[in-house]
Amino acid sequence: MQMTMRWFGSKYDSVTLPQIRQVPGVTGIVTTLYGKKPGELWEEEAILAIKQEVEAAGLKIAGIESVNIHDAIKTGHPDREEYIKNYITTLERLGKADIHMVCYNFMPVFDWTRSNLAKMRSDGSTVMSYDQSIIDKIDPNDISSAMESQANGYLLPGWEPERIGKLKELFAMYKGIDEQKLFDNLVYFLEKIMPVCDAYDINMAIHPDDPPWSVFGLPRIVTSKEKILKFIKAVDNPHNGVTLCTGSLGSNPKNDIPAIIHALKGHIHFAHLRNLKHESPGVLEEAAHLSSDGSLDMYAITKALYDAGFDGPIRPDHGRAIWGEVSMPGYGLYDRALGCAYLNGLWEAIAKAHCAAQCAQC
Ligand code: DNO
């Protein structure tokens with residue numbers, strides 16, 4: 001595995017590449033051209049410029065998070081052909097730049113959703129949290145301003161103002177799109193892009209829906225082991241894979257994450273590891289990465305990844321805001337660096353225990 005951190009680019013991130021470079025064991029970052037709108041073509045020069053910037057800091061681009069998908073592709077609108085063409089060209093350019101993993105999502109209208117971006121915990125740290133009863137009372141037209149007002153002045157990933165500014169149009173596009181149609185549109189998209197992924201060895205890593213259930217009445221299809229296996233089987237190609245996001249899948253306590261990892265063996269191309277604490281059904285808050293701070297067994301999850309032979313990039317996911325740091329919610333340096341140290345420690349212990357057990361056998 002390769003330990004990485006997410007970095008949004010020097011114009012958009014409070015964390016710098018030299019800071020990331022000093023986190024023990026972190027050798028790469030996952031990044032994006034953050035100013036690009038979904039569907040826009042990525043220029044070769046822009047890809048090479050960010051690659052050079054990252055490499056000059058002594059790090060590598062381990063993958064892209066994300067090349068976002070235009071809503072015409074998700075809804076199957078006739079314009080999708082144009083946007084799929086752009087997507088293929090972007091993938092081709094990323095492949096030529098020696099970038100071989102792309103994270104994306106297929107969530108209608110909204111990317112990840114939270115009801116609070118700075119919930120105070122008893123230790124004085126703040127975390128992002130979700131409460132379905134609060135979301136149920138929010139008019140979807142108001143959710144973006146509610147999120148934006150808590151974003152500390154940063155642009156939130158997946159909440160592009162140009163797109164979210166046209167919510168009425170967006171909701172109209174999704175009228176009549178149910179789970180089956182969304183699924184068919186995902187399969188259509190994957191079938192079209194697999195040839196370029198084969199040609200340039202690009203692993204596509206779909207991000208689970210966050211939270212993994214329908215929000216604002218919109219369909220969601222990347223929510224459970226069964227649903228993920230359905231589209232993995234529908235487009236039978238090793239490049240068709242997932243981002244194993246423990247926080248997203250783990251928001252539903254019925255999702256057994258180690259079992260999901262084993263079921264998806266060979267198709268996990270990227271891992272987002274974070275913990276969360278369940279309060280009651282539909283009510284949860286993010287936690288420190290340490291198992292005992294939340295409801296997920298981070299040791300069992302990491303061991304399942306190790307046992308499944310996972311060798312892709314891992315990143316600590318959303319951290320708490322601690323020690324007075326002000327950053328994009330979830331993406332400060334301090335708690336994510338603690339997360340890296342903890343996850344690296346788990347991995348080392350698991351790897352050494354495995355070697356010791358093997359030696360004992362011979
Ligand atoms: C939020 C992230 C998501 C994720 C996208 C992938 O913090 O986990 O925005 O990057 O869903 O396309």
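Author: Around the ligand stand Glu65, Ser66, Cys103, Tyr104, Asn105, Asp111, Trp112, Pro157, Gly158, His207 and Gly330, where near means a C-beta atom, placed from the backbone, within 6 Å of the molecule. This is a predicted model, in which local features need pLDDT of at least 70, side-chain atom pairs count only at pLDDT 80 or more, and totals for chains, interfaces and linings use all residues. Residues are numbered from 1 along each chain as its sequence is written. By class the shell has 4 nonpolar, 5 polar and 2 charged residues; Ala, Val, Leu, Ile, Met, Phe, Trp, Tyr, Cys and Pro count as nonpolar, Asp, Glu, Lys and Arg as charged, and the others, Gly among them, as polar. Strand 4 (residues 101–105) gives the largest share of the shell, 3 residues; strands are DSSP runs of E with at least two residues, helices runs of H or I with at least four, both numbered from the N terminus.

Turning to helix 9, its buried residues are Leu182, Asn185, Leu186, Phe189, Leu190, Ile193 and Cys197, buried meaning 20 or more other C-beta atoms within 10 Å of the residue's own. Their cover includes helix 3 (71–75), helix 4 (80–96), strand 7 (203–207), helix 10 (225–234) and strand 8 (240–245); contact requires C-beta atoms, placed from the backbone, within 7 Å. At Ile193, shortly before Pro195, helix 9 has a kink of about 40°, the angle between axes fitted to the seven residues ending there and the seven starting there. Just after helix 9, Asp201 takes a positive phi of about 55°.

Key. A residue is buried if 20 or more other C-beta atoms lie within 10 Å of its own, exposed if 12 or fewer, and partly exposed in between; C-beta atoms are placed from the backbone. Two residues are in contact if their C-beta atoms, placed from the backbone, lie within 7 Å.
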